[in-house]
Amino acid sequence: MARIPSSSVFTLLLATAVLPMASGHDHDSSHIEDGQAISVEPIDTTLWIHIFIQMAAWGVIFPLGMVLGIVKSRWHVPLQVFGTALAILGYALGHMHGGREFRHNNVHSKFATPISLMLFTQIILGIYLKLHIERGIHGKIRRVVKLGHGIVGKALPVFAWTQMLFGGITALGFCQGEHVGQCLAHFIMGSAFIAYGILLAILLLVGQLWLRRTGRSQEFFDSAVITAWGVVNTFTEHRWGTAWVENDWQHTTMGIVWWCAGLVGIWLSRDRDGRPQRNFIPGFIILITGWAFGGHPQHMQVSAEVHKMYGYTLMGVGLTRIIEVAFVLRDRPSMSPDGRETNSFQYIPIFLLFASGFMFMSATEEQMELIANSGMDHVAYILILFSLAALLFLFTLMLIHVYDSNAGPNLPQKEVDADRLGPRLNGDVQVRDAQEFELEGLMSDDEDGAPTKHVQDDDSLNSTLGRNSDGRAH
């Protein structure tokens, strides 16, 4: 009989112990005034500890454990066990706090049940896989369980991000009543920009070969999503049959231009011979979207400034994306045939996507009113949002590096010569190398008074080519 690992038993016991808490607790709401979602008391120390522990478990440890699971690292199980223990501790603290009170039917509390069940399911599936039972019918069951374990594991970070957003709006008592619609628009769109940035980072660093195997250019997928999103926005941003109010015109026409231009992007994603082709359409759509959002009428000065900066940032994404495709890559799929070389400019649109996502999620009417009453100006607020974007961008790059360093083949190290930094000529020979070789020949000819054949120069050139080629990853 297969022996159950002690770490798996420990994790299962922890998860089982916390399940009754998912539906067995009601928050006290006796001190909450009518029409309010929270009481006036401040958040106490216990609840702050709950917040930071859950952010560490669900926002850092579980995503890292997911990546380690993908690359089949031996640290996957210990890290997930540690993360589960932290999550359960944080869950318990969330039901033991004093201070601020919340309505018992708040969205953060409701969403805790399904995400806890997902975690419990993931643990059960992981334990079954750890037993390595493959005989008979278990061979077929194992394939299904392995697929389910992978799907749930990759979905957990998305659900965790959603739950952390729910926790933030619940702690502040935001997004109630007439504010629900605006919150949905800001948080969904802002999260979409961040998700787009994450996907671009993955494709840039580890996804180029996969992209080529699809036989499609990146702009095909970008344009397809833009088209679908535009169709949805066209018919959902205005309540048809009612009067057109406030920003209905802008939101609806923005959806129209998305699917109109998106169709152009799909068409341009192949050349006349049917081969994948880069194009400017996704960058153009993002640029014009930033211009439109920056011009939205606002009722508060701080809101107008934040939306204006958000518009500029999104326009920066579109502009730098167009420059990257047309001038940095010159319509090529990547900087090198193996897809491993990057240009520093390619990180700019990705980071700006993170920043624009955070700014849009943090620009609802209630948030702007809170900032206006706090004494903080829009400059400090925007800098804080850029700081958060930088941290998430860094964490994303770290996760991609963990995957790349463990899943990719062992490639030779590239030689780094401090005296040979500069633009490349034809991807292999650097411009400075070529210039030095030519100048050396000219100087020798002048000194000798007649042209001569320089055998040593030819050897020098060959050695230079060899160094650059050997330093490249094939």
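This is a predicted model: local features need pLDDT of at least 70, side-chain atom pairs count only at pLDDT 80 or more; totals for chains, interfaces and linings use all residues.
Q: What share of the residues of the protein chain counts as buried?

A: A residue counts as buried when its relative accessible area is under 20%. Of the 474 residues here, 41% count as buried. The accessible surface of the chain is about 26,600 Å², and carbon and sulfur atoms supply 64% of that surface.

Q: What share of the contacts with a separation of 6 or more joins residues 24 or more positions apart?

A: Here one compares separation along the sequence with contact in space. Among contacts with a separation of 6 or more, 76% are between residues 24 or more positions apart. A related reading takes a single pair and compares its two distances. Ile51, which lies in helix H2 (residues 45-70), is 117 residues from Gly168 in sequence, yet their C-alpha atoms are 9.3 Å apart in space. Ile51 counts as partly exposed because its relative accessibility is 24%.

Q: How is the length of helix H10 to be read?

A: One sets the span of the helix beside the span expected at 1.5 Å a residue. Helix H10 comprises residues 281-294, 14 residues in total, and reaches 20 Å from its first C-alpha to its last, close to the expected 20 Å.

Q: Which residues of H10 are buried, and what covers them?

A: The general idea concerns the turn of a helix. An α-helix has 3.6 residues a turn, so residues three or four places apart point the same way. In H10 the buried residues are Ile281, Pro282, Gly283, Ile285, Ile286, Thr289, Gly290, Ala292 and Phe293. Their cover includes helices H6 (180-206), H8 (218-236), H9 (248-268), H11 (301-328) and H12 (347-361).

Q: At what angle do H8 and H10 pack?

A: Two packed helices are described by the angle and the distance between their axes. For H8 and H10 the angle is about 40 degrees and the axes are 9 Å apart. H8 is therefore oblique to H10. On the side of H8, the contact is made by Glu219, Asp222, Ser223 and Ile226; on the side of H10, by Ile281, Pro282 and Ile285. Sorted by class, this contact has four nonpolar, one polar and two charged residues.

Q: Is Ala355 buried or exposed, and which residues does it touch?

A: For a single residue, one reads its element, its accessibility and its contacts. Ala355 is part of helix H12 and counts as buried because its relative accessibility is 1%. Leaving aside residues up to four places away in sequence, Ala355 touches Thr313, Phe386 and Ala389. Leu383 is 28 residues from Ala355 in sequence, and the two C-alpha atoms are 9.9 Å apart.

Q: Where does Cys175 lie, and what is its phi?

A: Cys175 is not a glycine, although its phi is positive, at about 60 degrees. Cys175 belongs to the loop between helix H5 (137-172) and H6. With 12% relative accessibility, Cys175 counts as buried.

Terms used. Residues are numbered from 1 along each chain as its sequence is written. Side-chain values use heavy atoms; hydrogens and water are left out. Buried means under 20% relative accessible area, exposed over 50%, partly exposed in between (1.4 Å probe, protein chains only). Contact means heavy atoms within 4.5 Å. Accessible areas come from the Shrake-Rupley method with a 1.4 Å probe; for residues, only the protein chains shown count as cover. Helices (H or I, at least four residues) and strands (E, at least two) are DSSP runs, numbered from the N terminus. The expected span of a helix is 1.5 Å times one less than its number of residues. Axes are lines fitted to C-alpha atoms, for helices over the stretch in contact, and angles run from 0 to 180 degrees between N-to-C directions. Angles under 35 degrees count as roughly parallel, over 145 as roughly antiparallel, 65 to 115 as roughly perpendicular and the rest as oblique. Ala, Val, Leu, Ile, Met, Phe, Trp, Tyr, Cys and Pro count as nonpolar, Asp, Glu, Lys and Arg as charged, and the others, Gly among them, as polar.
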